[in-house]
Amino acid sequence: MEASLIIAFREGMEAFLVLGIILAFLEKVNLQHFKSYAWGGFFLGIVASIILAVIFTVVVDGFESEELQYNISLGVLLLAIILLTYMVFWMHNNADIANMQKKIELSNNQKWVTFLIVFTAILREGLETVLFTLALMMDAESTTVEVLSGLFIGLVASALLIWLLFKSSVKLPLKKFFEYSSYLILLIVAGLVSLFIKGMQAYEYLPIYIAPIYDSSFMLSNDSIFGRFLGILMGYDAMPSLLQLLGWVGYLLCIFTLIKLRKKNA
């Protein structure tokens, strides 16, 4: 039960955070009719993650086709990084409510961007959650009831935490909301970049060079409660490789620089 609870809480935190940011954003700019696209992405992401998990486990010889599952997961992860990065720039470029509403209303594509951002986030996290859950259910030491109970508690806990966070955030001025939300997303995406690099290295698609470049587990291990929280929030790894660290720092520096340049030229 503990394992499925931790998995569900971790994956749920990231997925519900993205959904919460989108919904709070649409609420602040009085675009409630866009919420159906966000919720559509949410529910279809859940359905798609379950379908893909069944395909992985049943059609592709279960967990024996590990490389195929891994490659598809990496592809979904990369798509999530691209869409979430786009979301950050979109929020910074539309801080003025009137101008932003006009731009969005003139382009129906923005609705589908809203859908795709939520759908991709839910698909990635949901797929991982379903696959881990199926693996735990195959474990003789864990009963189906225990696994599903931990899954339910973890998802409810993560949803409640994110709801409380955004219940207070909607009172912030729009520009402050954009600023805080975009920076939070950047930390999450930087963590995803580090995770993507780690995944590429695991299958030798990228060289490792120095691994680990340091070891901070004596102060804060990956398995500790706070270590898990930082891992969820910003991709903390007590023993990262050189490329992981460079990817995390490089992504943040690159995006921050581009944001500053766009503000300067605006």
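How many salt bridges does a search of the whole structure find? The search finds one. Keep in mind as we go that this is a predicted model.

Let's look at that pair. Side chains of opposite charge can pair when their charged atoms come close. Here the partners are Asp-237 and Lys-198, whose side chains meet with 3.3 Å from N to O. Is Asp-237 buried or exposed? Asp-237 has a relative accessible area of 11%, so it counts as buried, because buried means under 20%. Lys-198, at 40% relative accessibility, is partly exposed.

Now turn to the surface. There, Trp-39, Phe-43, Ile-46, Ile-50 and Val-54 form a nonpolar patch, and together they have about 430 Å² of accessible area. With 42% relative accessibility, Val-54 counts as partly exposed.

Finally, let's go inside. The structure has one cavity of 30 Å³ or more, and the largest cavity holds about 60 Å³ of space. Which elements give two or more residues to the lining of the largest cavity? They are helix H1 (2-28), helix H3 (66-93), helix H5 (109-137) and H7. Among the lining residues you can look for Glu-14, Arg-124, Glu-125, Leu-84 and Ile-188. By class, the lining has seven nonpolar and three charged residues, with no polar ones.

Methods:
Residues numbered from 1 in each chain as written. Predicted model: local features only at pLDDT ≥ 70, side-chain atom pairs only at ≥ 80, totals over all residues. Heavy atoms only, no water. Salt bridge = Lys/Arg side-chain N within 4 Å of Asp/Glu carboxyl O. Buried < 20%, exposed > 50% of the residue type's maximum accessible area, 1.4 Å probe, protein only. Patch = residues over 30% accessible without salt bridge, like charges linked within 9 Å, V, L, I, M, F, W, Y side chains within 5 Å. Areas by Shrake-Rupley, 256 points an atom, 1.4 Å probe, with all protein chains shown as cover. 1 Å grid on protein atoms, 1.4 Å probe; cavity = no way out; pocket = protein on both sides within 12 Å on 5 of 7 lines; lining within 4 Å. Points joined across faces, edges and corners; volume = space filled by probe spheres on them. Helix = DSSP H or I, 4+ residues; strand = E, 2+ residues; numbered from the N terminus. Nonpolar A, V, L, I, M, F, W, Y, C, P; charged D, E, K, R; others polar.
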